[in-house]
Amino acid sequence: MKLAVVGATGLVGSEILEVLDEHNFPYDELLLVASERSVGKQIEYKGKKHTVIGLADAVAAKPEIAIFSAGGSTSLEWAPKFAEVGTFVIDNSSAWRMDPTKKLVVPEINAKEISKEDKIIANPNCSTIQMVLALEPLRQRYGIKRIVVSTYQSVTGTGKAAVDQMMAERSGDANPPMVYPHKIDMNVLPHIDVFQPNGYTKEEMKMINETKKIFSDNSIQVTSTTVRIPTMGGHSEAVNVEFKQDFDLAEVRSLLENAPGVIVQDDPTNFVYPMPITSHKKDEVFVGRLRRDESQPNTLNMWIVADNLRKGAATNAVQIAEYLLENKLV
Ligand SMILES: NC(=O)c1ccc[n+]([C@@H]2O[C@H](COP(=O)([O-])OP(=O)(O)OC[C@H]3O[C@@H](n4cnc5c(N)ncnc54)[C@H](OP(=O)(O)O)[C@@H]3O)[C@@H](O)[C@H]2O)c1
């Protein structure tokens, strides 16, 4: 079993290596792949030195699974080449997510959709994954009519260069390398990814469209405002969800407590609620501030936090790879 990690030198790639190790993911050979800039570099992993290779050499090695986190254009060009030699590609970029021929998978929700023929499998957007995972048990029980979400997203969601910008600003650098159009430290940017003709950003449209695809339900109404804040541990979301029928708050809590991959942290009197600093490096999605929206029937307010590099990217991708192995699809 050969496993390739494409984008191994990046933020998500490094996190994938950590999660593979923590999950004891089984492989015989590990291929670490990055751009031509990194080919030949040595990466020490689990006490062994690995030399970074390029994409063409990785395809030639015909790995059984390749986990991609190297940007959309790399995925568009190279995922089909891996698929052609029989590799299962699990892709973290947005390149294939809305392609109707590709599965968009959060394993706890829809891994069963994957078949042997699905050689390119898309990992959803980080902010979508944590929201749909927390909503899934409630959707099953009450049905969802409408979701209103506002996000508070970590700079790690933009990649290494964005973390460098924030840290340079924080250390007083007068001319930091700029990734964002404005200063990010001590600031809030109501802008993630590129603006679309309808006034929404691409990140906002990803949350809207991917939610409908993962839930296989185009009737769910979703509206989103995505915001970048100067934090690192994970993304936070204020979610207002209107159900098709009334709910019982105690039952909501119990459904969430029993949902796979979800942890309830909701004890406001003791100041217990999810935060990026406590979700950092955790695989789970944390939910709290559960309360009825008193302005409208059948509507719940909740606060959802997860490490975007973990369940939002690396953990979800590794879980898909684990599903392929456990179900003998590889
Ligand atoms: N950060 C998140 O929370 C998050 C969540 C979900 C999905 N994603 C997606 O995951 C991908 C990577 O994000 P990141 O945050 O890890 O970015 P990053 O820190 O900038 O890392 C990018 C990685 O891609 C590699 N790469 C870039 N161009 C390449 C090329 N032409 N051929 C081969 N490898 C190439 C880089 O290699 P070099 O080091 O050689 O340049 C590096 O390993 C993006 O598509 C992003 O949208 C990110």
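This is a predicted model: local features need pLDDT of at least 70, side-chain atom pairs count only at pLDDT 80 or more; totals for chains, interfaces and linings use all residues.
## The largest pocket

The largest pocket holds about 1100 Å³, and 45 residues make up its lining. Nearest its centre lie Val12, Gly71, Gly157, Thr158 and Gly159.

Sorted by class, the lining of this pocket has 22 polar residues, 16 nonpolar ones and seven that are charged.

## Where the lining comes from

Four helices each give at least two residues to the lining of the largest pocket: H1 (11–22), H3 (72–84), H7 (202–214) and H10 (310–326).

Domain 1 (2–123 + 313–326) and domain 2 (127–308) both contribute lining residues, so the largest pocket lies between them.

## Around the ligand

## Polar contacts and burial

Which atoms of the ligand lie 3.5 Å from threonine 74 and glycine 157? For threonine 74, a polar side-chain atom lies 3.5 Å from a ligand nitrogen atom. For glycine 157, a backbone N or O atom lies 3.5 Å from a nitrogen atom of the ligand. Asparagine 308 has a side-chain N or O atom 2.9 Å from an oxygen atom of the ligand. Taken alone, the ligand exposes 900 Å², and the protein buries 76% of that.

Conventions
Residues are numbered from 1 along each chain as its sequence is written. Side-chain values use heavy atoms; hydrogens and water are left out. On a 1 Å grid over the protein atoms alone, a cavity is a set of points where a 1.4 Å probe fits but cannot get out, and a pocket is an open set with protein on both sides within 12 Å along at least five of seven lines; lining residues have an atom within 4 Å of a point. Grid points are joined across faces, edges and corners, and a volume is the space filled by probe spheres set on the points. Ala, Val, Leu, Ile, Met, Phe, Trp, Tyr, Cys and Pro count as nonpolar, Asp, Glu, Lys and Arg as charged, and the others, Gly among them, as polar. Domain bounds come from an automatic or database domain assignment. A polar contact is a pair of N or O atoms within 3.5 Å; within protein, one must be able to donate a hydrogen and the other to accept it, and residues adjacent in sequence count only if both atoms are side-chain atoms. Accessible areas come from the Shrake-Rupley method with a 1.4 Å probe; for residues, only the protein chains shown count as cover.
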